[in-house]
Amino acid sequence: MKLLVTGGAGFIGSNFVLYMLKQHPEYQIINVDALTYAGNLENLKLVENNKNHTFVKADITDAKAMEELIGQEVDIVVNFAAESHVDRSILEPDIFVKTNVLGTQVLLDAARKHNIKKFVQISTDEVYGTLGETGLFSETTPLAPNSPYSASKAGGDLLVRAYHETFGLPINITRCSNNYGPFQFPEKLIPLMISKTLADEQLPVYGDGLNIRDWLYVEDHCSAIDLVIHEGRNGEVYNIGGNNERTNLQIVKTILVQLGKPESLITHVKDRPGHDRRYGIDPTKTMTELGWKPKHSFETGIEKTIRWYLDNKDWWTRIQTGAYLDYFVKQYGERLGDQE
Ligand code: NAD
Ligand code: DAU
């Protein structure tokens with residue numbers, strides 16, 4: 001089996017590559033990534049000498065390059081490559097449309113041309129928009145994205161669906177809740193708060209901090225994708241989540257307790273525009289049809305994650321340089337001067 005994994009130097013993509021080479025050592029993986037600010041070859045150190053893993057630096061919007069790669073007798077495409085941070089999509093929406101919509105379409109065209117066995121689109125629960133106090137997102141919840149990021153992901157999903165309906169391309173779409181774990185770029189809530197806590201810096205909590213996310217340890221997301229690749233019914237969408245809803249304040253306080261730091265570090269700042277209030281996934285279909293079950297509770301997952309960031313300080317301090325610092329001034333400079 002030959003897989004083309006896109007975005008495999010990012011957070012979830014690199015965890016997935018490591019997971020798959022362990023679970024299926026005989027599989028061949030071509031890992032294509034443009035190495036944007038979020039891509040990091042250090043994540044792949046463990047497999048750099050693995051003959052079944054080939055890394056290629058290329059952009060998924062490059063039609064010629066994608067066609068050449070998929071033309072190498074690829075069986076399955078798993079598309080992780082994306083601009084993934086909501087706050088950045090508010091600052092610069094255009095790159096989100098380019099990568100998440102156009103890039104997906106380029107891959108779909110190449111996949112169609114070479115008659116691949118399956119195209120798996122790694123999407124997100126954010127395409128469903130926001131929930132009130134009750135209810136969960138199911139696979140039939142209407143799409144109602146609220147940020148440029150989620151709108152661009154929904155655009156990608158709709159193209160995947162259309163290539164299935166119009167051209168008969170075999171596809172699955174997965175929609176997972178918030179991931180956390182090793183190799184997550186320290187701009188996202190959990191690694192950001194861990195790194196700031198360790199530096200005794202202010203912890204910027206947006207608005208009242210009562211927005212809810214449904215957290216899943218990244219390895220459990222990878223095991224669900226593995227099942228979708230092998231068992232997913234053609235054309236189907238699968239929601240992935242572990243029923244771990246927490247408010248942002250609960251997350252931040254958990255990190256503070258585990259690191260033995262005071263709650264006085266919490267600083268409420270100006271809210272994110274269009275900030276979705278609550279996400280919650282109903283994973284029944286994935287569990288019953290594919291037999292998927294997460295291995296980690298939130299408590300075991302967060303403990304492992306904090307331990308990983310403590311043990312791998314070099315990994316994240318190396319990232320916190322030039323462009324990263326510029327982004328932080330843009331994103332938080334005014335906010336931290338404009339506390340609520
Ligand atoms: P990430 O930002 O850590 O990684 C994205 C990777 O894609 C990076 O390695 C980057 O270099 C690469 N990339 C970006 N633009 C590219 C392009 N034009 N061509 C080739 N490579 C490109 O993101 P992540 O958190 O690992 O998310 C991976 C996927 O999973 C995304 O599609 C995201 O929408 C989805 N997802 C993420 C979460 C989450 O909580 N992080 C949850 C559900 C779904
Ligand atoms: O739900 C899946 C999605 O989860 C993925 O599709 C996205 O790629 C991923 O980035 C994530 O999106 P969120 O916006 O939910 O994640 P983020 O870590 O940016 O924020 C989580 C919550 O924490 C959200 O309510 C905003 C809040 N937050 C975030 C940051 C970065 C803060 O309060 N302060 C912060 O500094």
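Student: Which backbone atom sits 3.4 Å from an oxygen atom of ligand 1?
Tutor: Keep in mind that this is a predicted model. A polar contact is a pair of N or O atoms within 3.5 Å. At 3.4 Å from a ligand 1 oxygen, the atom in question is a backbone N or O of Ile122.

Student: Okay, and what side chain has an N or O atom 2.6 Å from an oxygen atom of ligand 1?
Tutor: Start with the backbone: Phe11 puts an N or O atom 3.1 Å from an oxygen of ligand 1. The 2.6 Å pair instead uses a side-chain atom, and that side chain belongs to Tyr149.

Student: How much of the accessible area of ligand 1 does the protein cover?
Tutor: On its own, ligand 1 has 840 Å² of accessible area. There are 28 residues around it, with Ile12, Asp33, Ser84, Tyr149 and Lys153 coming nearest. Of that area, the protein covers 96%.

Student: Which element gives the most to the shell around ligand 1?
Tutor: The elements that supply two or more residues are α1 (11–23), β5 (118–124), α5 (148–167) and β7 (178–180). By class, the shell residues split into 14 nonpolar, 11 polar and 3 charged. The top giver, with 3 residues, is β5.

Student: Now ligand 2: what distance separates a polar side-chain atom of Tyr149 from an oxygen atom of ligand 2?
Tutor: Tyr149 is listed among the nearest of the 25 residues around ligand 2, along with Asp125, Glu126, Arg272 and Tyr332. For the Tyr149 side chain, the distance is 2.6 Å.

Student: What share of the area that ligand 2 exposes alone does the protein bury?
Tutor: Taken alone, ligand 2 exposes 680 Å². Its shell draws two or more residues from each of α3 (86–91), α6 (189–198) and β8 (203–206). The buried share is 95%.

Student: How many charged residues are in the shell around ligand 2?
Tutor: Sort the shell by class. You get 10 nonpolar and 8 polar residues, and the charged ones number 7.

Student: Zooming out, why is the protein chain said to be as compact as a globular protein of its length?
Tutor: The chain has 12 helices and 12 strands. For 340 residues the globule rule gives 20 Å, and the chain comes close to that, so it is as compact as a globular protein of that length, with a radius of gyration of 19 Å.

Terms used:
Residues numbered from 1 in each chain as written. Chains lettered and ligands numbered in written order. Predicted model: local features only at pLDDT ≥ 70, side-chain atom pairs only at ≥ 80, totals over all residues. Heavy atoms only, no water. Near = heavy atom within 4 Å. Polar contact = N/O pair within 3.5 Å; in protein donor to acceptor, adjacent residues only side chain to side chain. Areas by Shrake-Rupley, 256 points an atom, 1.4 Å probe, with all protein chains shown as cover. Helix = DSSP H or I, 4+ residues; strand = E, 2+ residues; numbered from the N terminus. Nonpolar A, V, L, I, M, F, W, Y, C, P; charged D, E, K, R; others polar. Rg over C-alpha atoms; globule rule 2.2 N^0.38 Å.
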